[in-house]
Amino acid sequence: TLGDPSESSSVSLARGGTTPSSFVSSGETTTTTTSSFESRVQALPRIVLMGSRRSGKTSMMRVVFEKMSPHETLFVPATSTPTLRVVDASDLVKFAIFDIPGGCELAELCHDGSQLTPVAVFSRCVALVYVVDAEADPYAECAKFAEVVAAARRVNPRLALEVFVHKVDGDLFLTEEQKLDCRREVEACVRAELADLAADATTPGSAASSGGAGPGGSTGGDAPGAQPSSSSKSVADEVSFSLTSIYDHSIFEAFSKVISKRLVPQRYALERMLDALVAACDMEKSFLFDVHSRVYVATDSAPVDSASYELCADAIDVVLDIGAIYARPTPAQTGFGGGAGPAPTNGGLGDDAGDAAGTPEGHSGDDDAPVALDAASSAGAAPRRPSSNNGAPLGGGGSSASVTLSNGMALVFDEVDASLAVVCFLRSDNLEKRGLIDYNLHCFRVALRRLADVAQACL
């Protein structure tokens, strides 16, 4: 990935819980590195993950960000203490997830032996994700959610609110209509609780007790009997609802929406770049994925269709699994998980060494070399056409593939970084313009590199 090697080593310290060998030469160096890493963690934007006990918060985090099998989550113990996990996949995607144990009052929370106040929990929080167990009583859950919102909005009025109606995969939800009924019930209950909260915030007693700030960020100086402020009224309207399950793509899509909308500062620049790519290549839809978690960090301005997202997410697994078997190692692949490898000598869109199906042994990989087949060439996919380029691609290039579907559509996968990949959805006829697609993907890769450099310089 982009960035200096010391930063990648610090990330390794957080993920694996072990100190890299380069930091154990002296105690002073280790202490300095740990302190530097902790300061960076504290500065990261956060998602606060809350919900009732056994609602599935930790399981969904393990499935999405640690690639745990959904069936293995049956053996995950209940969270007993607040846990902070750092997600540092690339220079464009850096945030932390604060997993708060269920069944605990905010005043009872402790972390690293010290008391946690609402300010400590919510001051750096960008989004509050509250997990509601679809199989439990929704009214008790919604009342607790309203209490949390009141405390959080006093600290951070701009906090985004997300509700995941989780575990919609049981016997109670065999049809889509049953799932939608559950969502509507939870949504109505949440809106009722928040409406009562907004009304209580305008009473003289509530305004005084809140210290001058209501849960929606309104001041406590309103006259007695005044109507709720527009910010208080809109609290219920700001809540987003998602039906989720760890046994399908719904949990990945729900986290994708939260991350792409709330945690990527370059969201609008990336959206315009993807819009330009779609327009130039006559595509239907494009995503920029984090390949480790299958969460998209950006997409174009067209509405997201769940079926298209599922196809693109499955394509990532297929390409990476086949590439791990057949493709020759490239700097991008050897650098997976952090650490920048050496720049390729012949890097560019025409470097087919990282194609999903690889190239035959002895293939030179030059631009004038014979055409190499993609991962799905045996299934009728269009061949990969090498093309020249005038600059080094982001991360040195990686796997690429095109897959032709039976419905006349096609998927194009291009790994632009050790942890980021562009996945595009287009008509299969447009694969005949593969040279144009490759050139525009190269332009996207170069622009993404510049954007990442700017983001890194602003840290």
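Start with the open sheet: 6 strands in the order β2-β3-β1-β6-β7-β8, with mixed pairing. Strands here are DSSP E runs of at least two residues, helices are H or I runs of at least four, and both are numbered from the N terminus; two strands pair if DSSP finds at least two bridges between them. β2 (83-90) and β8 (240-243) are at the edges with a single partner strand each, so one side of each has no neighbour in the sheet.

This is a predicted model: local features need pLDDT of at least 70 and side-chain atom pairs 80 or more, while totals for chains, interfaces and linings use all residues. Residues are numbered from 1 along each chain as its sequence is written, and side-chain values use heavy atoms, leaving out hydrogens and water.

Within the sheet, β6 (residues 125-133) and β7 (residues 160-166) are parallel, with 7 bridges. V131 sits opposite F164 in β7.

Now helix α12, residues 306-326, which has 21 residues. Which of its residues are buried, meaning under 20% relative accessible area with a 1.4 Å probe, protein chains only? They are S308, Y309, C312, A313, A315, I316, V319 and G323. Down the axis of α12 they fall within an arc of 150°, taken from the directions from the helix axis to the C-beta atoms, so they line one face. The face turned away carries D321, A324 and I325, which are exposed, that is, over 50%.

One of the elements that the buried residues pack against is β10 (295-299). In β10, 5 of the 5 residues are buried, so the strand is largely enclosed by the rest of the structure. β9 and β10 run antiparallel, joined by 4 bridges, and F287 has T299 as its bridge partner in β10.

Definitions and conventions:
Expected span 1.5 Å × (residues − 1). Contact = heavy atoms within 4.5 Å.
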